Amino acid sequence: MTNKEVQEAVRIGQLIRTVDDKRGARDPFKLPAWLKTLHHERLEMCLQLEQSQQIATGDRTTSADLRREALLRLEARLRDGFNYLKAIPEYELDSPEIRRGLLESYGWDGGLIGSLQAEGRLLALGRKAVATARVIEPERARYPEALSERISHELAIIASLDPKARAGTRSVVTKARNTALKQLALANSRVRHYLCACTDEIEKSQELASIGFQPRRVSGQRVTPPEKPLPPVKPNN
């Protein structure tokens, strides 16, 4: 259902409620209690679900932003880890080959940092870093505990904000909103038919215009355009 259809159904529904609330008890066009209640409940349900759908959409946008920020922080922490391994003094390692092997154990292929633009590589490096830092030897080559915890923290944030997990919630809310809008549109139509039944003019009744529906014109009737106002008369000097 398009945004235009949503706005139109809600606009007419709110107009029906406003107009009927102003009608007196003896007004022949006053909606009966059962129809008023049905219409009011469907309008309220639609408004609530529309708000929920907007919140779900907004949450998804916010989540995407937070997830992007967590990926940037993960990239920075992985760089810290790479630089940490590169900074181990040579006298603590037997050979350059050992340093290269340590770097590759953490996922740094060829002992090089490479590009960190791909999300998949960032996540893979993060998971490998957490697993490797617990068991690698020598102990000096293990990422500091604080660094491993920060990498684990960012991975947890990214997983919790995974759009695949959150898209389902938005889809469910949107589907419920669309169903409620269809029910509201039917209630709006029932109100329209009720007002038509209240007068011999039926669909030509001007009461339809008061709730946002266009009355049917008499066959062959031409719509006269409104007259243009005359220009103001200038006072004589």
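Visitor: What makes Arg-67 and Glu-119 a salt bridge?

Guide: The rule asks for a side-chain nitrogen of Lys or Arg within 4 Å of a carboxyl oxygen of Asp or Glu. The closest N and O atoms of Arg-67 and Glu-119 are 2.9 Å apart, so the pair qualifies. This pair links distant parts of the chain, 52 residues apart: Arg-67 sits in helix H2, Glu-119 in helix H4 (residues 119–135). Helices here are DSSP runs (H or I, at least four residues), numbered from the N terminus. Bear in mind that this is a predicted model: local features need pLDDT of at least 70, side-chain atom pairs count only at pLDDT 80 or more, and totals for chains, interfaces and linings use all residues. Side-chain values use heavy atoms, with hydrogens and water left out, and residues are numbered from 1 along each chain as its sequence is written.

Visitor: Why is Arg-67 called buried?

Guide: Buried means under 20% relative accessible area, exposed over 50%, partly exposed in between (1.4 Å probe, protein chains only). Arg-67 comes in at 11%, so buried it is. Glu-119, at 34%, is partly exposed.

Visitor: How do you know that Arg-68 and Asp-65 are about one helical turn apart?

Guide: They're 3 residues apart in helix H2 (residues 33–86), hence that spacing. Arg-68, at 48%, counts as partly exposed.

Visitor: And Arg-23 with Asp-27, what makes that a salt bridge?

Guide: Their closest N and O atoms are 3.5 Å apart, so they pass the cut-off too. Arg-23 is buried at 12%, while Asp-27 is partly exposed at 24%.

Visitor: How many salt bridges does the rule give?

Guide: The count comes to 17.

Conventions
Helices (H or I, at least four residues) and strands (E, at least two) are DSSP runs, numbered from the N terminus.
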